[in-house]
Amino acid sequence: MNESGHQVLMEQDVLRRRLDDGDLPEWAVQHYETFRETMLGENDGAPFPCYFGVESERNGDALYTFVDSMTDKDALLALRDTVLEYLDVYRDYSEACSLVTFFKPPAENLTEADYHERLWHILQFLHVHDPEPWPADIPTDPDDSTWEFSFGGEPIFPTTRAPFYDERLSRYCPWGLEITFQPRSL
């Protein structure tokens with residue numbers, strides 16, 4: 001954790017130090033600053049609707065990573081390794097330790113359908129490259145009402161923010177895709 005670079009698992013204080021030192025790409029700075037402002041600020045006088053997300057950001061409980069592409073194999077393999085590392089440490093890190101993942105914005109504007117496709121591509125890539133077997137008690141068909149995304153042998157709830165969420169501002173991010181991974185145990 002906290003190795004050099006930006007496609008690594010980082011604690012909040014390390015991320016903020018790298019921001020201050022200019023050690024992150026501009027897109028990463030924009031992503032994180034917008035995320036933090038959304039979590040800790042207000043929208044039309046109302047705080048962000050997820051109390052646990054707000055407290056996690058306020059208290060430095062989350063871990064973070066940045067991913068250079070939503071489609072490049074090497075970038076997604078680095079994400080796989082980061083998620084596996086996260087799964088190894090999150091229980092000992094904090095009781096509210098989710099993994100916030102920021103993806104480099106695409107060069108072209110994407111539609112809602114494009115983001116949907118990219119998200120499922122990322123989840124499928126992680127599934128295909130998962131070194132652990134899928135949990136036996138979780139259906140593998142995403143259309144099954146009891147299906148949960150699983151990785152590293154654990155059921156995980158991924159939540160997203162993206163530019164097309166213009167009516168649901170808690171899910172809106174102007175820069176590109178964000179995925180927050182939260183194991184069921186959280």
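This is a predicted model: local features need pLDDT of at least 70, side-chain atom pairs count only at pLDDT 80 or more; totals for chains, interfaces and linings use all residues.
Colleague: Where is threonine 111 found?
Modeller: Look between two elements, S5 and H5. Strand S5 covers 99–103, and helix H5 covers residues 112–128. Threonine 111 sits in the loop between S5 and H5.

Colleague: Is threonine 111 buried, partly exposed or exposed?
Modeller: Its relative accessible area is 46%. Buried would need under 20% and exposed over 50%. The value for threonine 111 lies in between, so this residue is partly exposed.

Colleague: What distance separates the C-alpha atoms of threonine 111 and proline 163?
Modeller: Along the chain, threonine 111 and proline 163 are 52 residues apart.

Colleague: Which helix holds both tyrosine 86 and tyrosine 90?
Modeller: These two tyrosines are four residues apart, about one turn of the helix. Both tyrosine 86 and tyrosine 90 are buried. The helix that holds them, residues 73–93, is H4.

Colleague: How many residues apart in sequence are the parts that tryptophan 120 and tryptophan 147 tie together?
Modeller: Tryptophan 120 and tryptophan 147 form a tilted aromatic pair, with 5.7 Å centre to centre and 35° between the planes. Tryptophan 120 lies in helix H5, while tryptophan 147 lies in the loop between H5 and strand S6. The pair therefore ties together parts whose separation in sequence is 27 residues.

Colleague: Which element gives the largest share of the largest nonpolar core?
Modeller: This core has 29 residues, and those that touch the most other members include Leu79, Tyr86 and Phe103. Strand S4, H4, strand S5, H5 and strand S8 each give two or more residues. The largest share is eight residues, and the element giving them is H4.

Colleague: Which residues does leucine 79 touch, not counting residues up to four places away in sequence?
Modeller: Leucine 79 is one of the residues touching the most other members of the largest nonpolar core. With residues up to four places away in sequence left out, leucine 79 touches Thr65, Val67, Thr101, Phe103, Ile122 and Leu126.

Definitions and conventions. Residues are numbered from 1 along each chain as its sequence is written. Side-chain values use heavy atoms; hydrogens and water are left out. Buried means under 20% relative accessible area, exposed over 50%, partly exposed in between (1.4 Å probe, protein chains only). Rings of Phe, Tyr and Trp (its six-membered ring) pair if their centres lie within 6.5 Å; planes under 30 degrees apart count as stacked, over 60 as edge-to-face and the rest as tilted. A nonpolar core is a set of buried Ala, Val, Leu, Ile, Met, Phe, Trp, Tyr and Cys residues joined through side-chain atoms within 4.5 Å. Contact means heavy atoms within 4.5 Å.
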